[in-house]
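The following exercises concern one protein chain, and each is followed by a worked solution. Please study the sequence and the structure before reading the solutions.

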Amino acid sequence: MNELAQRDIDRIIEMAWEDRTTFDAIRQQFGLTPGEVIELMRTHMTRSSFEMWRKRTQGRSTKHLHKRNFKFGRFRSSNQKG
């Protein structure tokens, strides 16, 4: 993993917590693989926060671009006003 500035680490953590930000977006912006993001999260978070994050991201299709059922934009519920 490259030497990252603290503000970059903070941004990666923020992006990783966002449900709709993919690991591919993090790779494109910072050059980190999903495994490197996981390692960064493990290193820079408390154990309980890391475990909570892993539980949220494991199996979440929105974190992986190829597993999404949409490609662009934001999800909009069919109950939401147009």
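**Exercise 1.** Determine whether Arg-11 is buried, partly exposed or exposed.

*Solution.* Step 1: recall the classes, in which buried means under 20% relative accessible area, exposed over 50%, and partly exposed in between (1.4 Å probe, protein chains only). Step 2: Arg-11 has a relative accessibility of 31% and therefore counts as partly exposed. Step 3: note the basis of such values: the model is predicted, local features need pLDDT of at least 70, side-chain atom pairs count only at pLDDT 80 or more, and totals for chains, interfaces and linings use all residues. Residues are numbered from 1 along each chain as its sequence is written, and side-chain values use heavy atoms, with hydrogens and water left out.

**Exercise 2.** Identify the residue with which Arg-11 forms a salt bridge, and describe the network to which Arg-11 belongs.

*Solution.* Step 1: a salt bridge is a side-chain nitrogen of Lys or Arg within 4 Å of a carboxyl oxygen of Asp or Glu. Step 2: the partner is Glu-18, and the closest N and O atoms are 3.8 Å apart. Step 3: Glu-18 is partly exposed, at 28% relative accessible area. Step 4: salt bridges link Arg-11, Glu-14 and Glu-18 in a network. By the stated rule, the count comes to five salt bridges.

**Exercise 3.** State which parts of the chain the salt bridge between Asp-19 and Arg-56 ties together.

*Solution.* Step 1: the side chains of Asp-19 and Arg-56 meet at 2.3 Å, N to O. Helices (H or I, at least four residues) and strands (E, at least two) are DSSP runs, numbered from the N terminus. Step 3: Asp-19 is partly exposed at 30%, and Arg-56 is partly exposed at 31%.

**Exercise 4.** Describe the salt bridge between Arg-47 and Glu-51.

*Solution.* Step 1: the distance from N to O is 2.9 Å. Step 2: both residues belong to helix H4 and are four residues apart, about one turn of the helix. Step 3: Arg-47 is exposed, with 69% relative accessibility, while Glu-51 is partly exposed, with 42%.

**Exercise 5.** Find the buried residues of H2 and explain how they are arranged.

*Solution.* Step 1: the buried residues of H2 are Phe-23, Ile-26 and Phe-30. Step 2: viewed down the axis of H2, these residues fall within an arc of 60°, so they line one face of the helix; the arc is that of the directions from the helix axis to the C-beta atoms. Step 3: they pack against H1, helix H3 (34-44) and H4. Step 4: Gly-31 follows H2 and has a positive phi, near 75°.

**Exercise 6.** Classify the orientation of H1 and H3.

*Solution.* Step 1: the two helices pack at an angle of about 110°, with axes 10 Å apart. Axes are lines fitted to C-alpha atoms, for helices over the stretch in contact, and angles run from 0 to 180 degrees between N-to-C directions. Step 2: angles of 65 to 115 degrees count as roughly perpendicular, and H1 and H3 are therefore roughly perpendicular to each other. Step 3: the contact (heavy atoms within 4.5 Å) involves Ile-9, Ile-12, Ile-13, Ala-16 and Trp-17 of H1, and Val-37, Leu-40, Met-41 and His-44 of H3.

Technical notes: Parallel < 35°, antiparallel > 145°, perpendicular 65-115°, else oblique.
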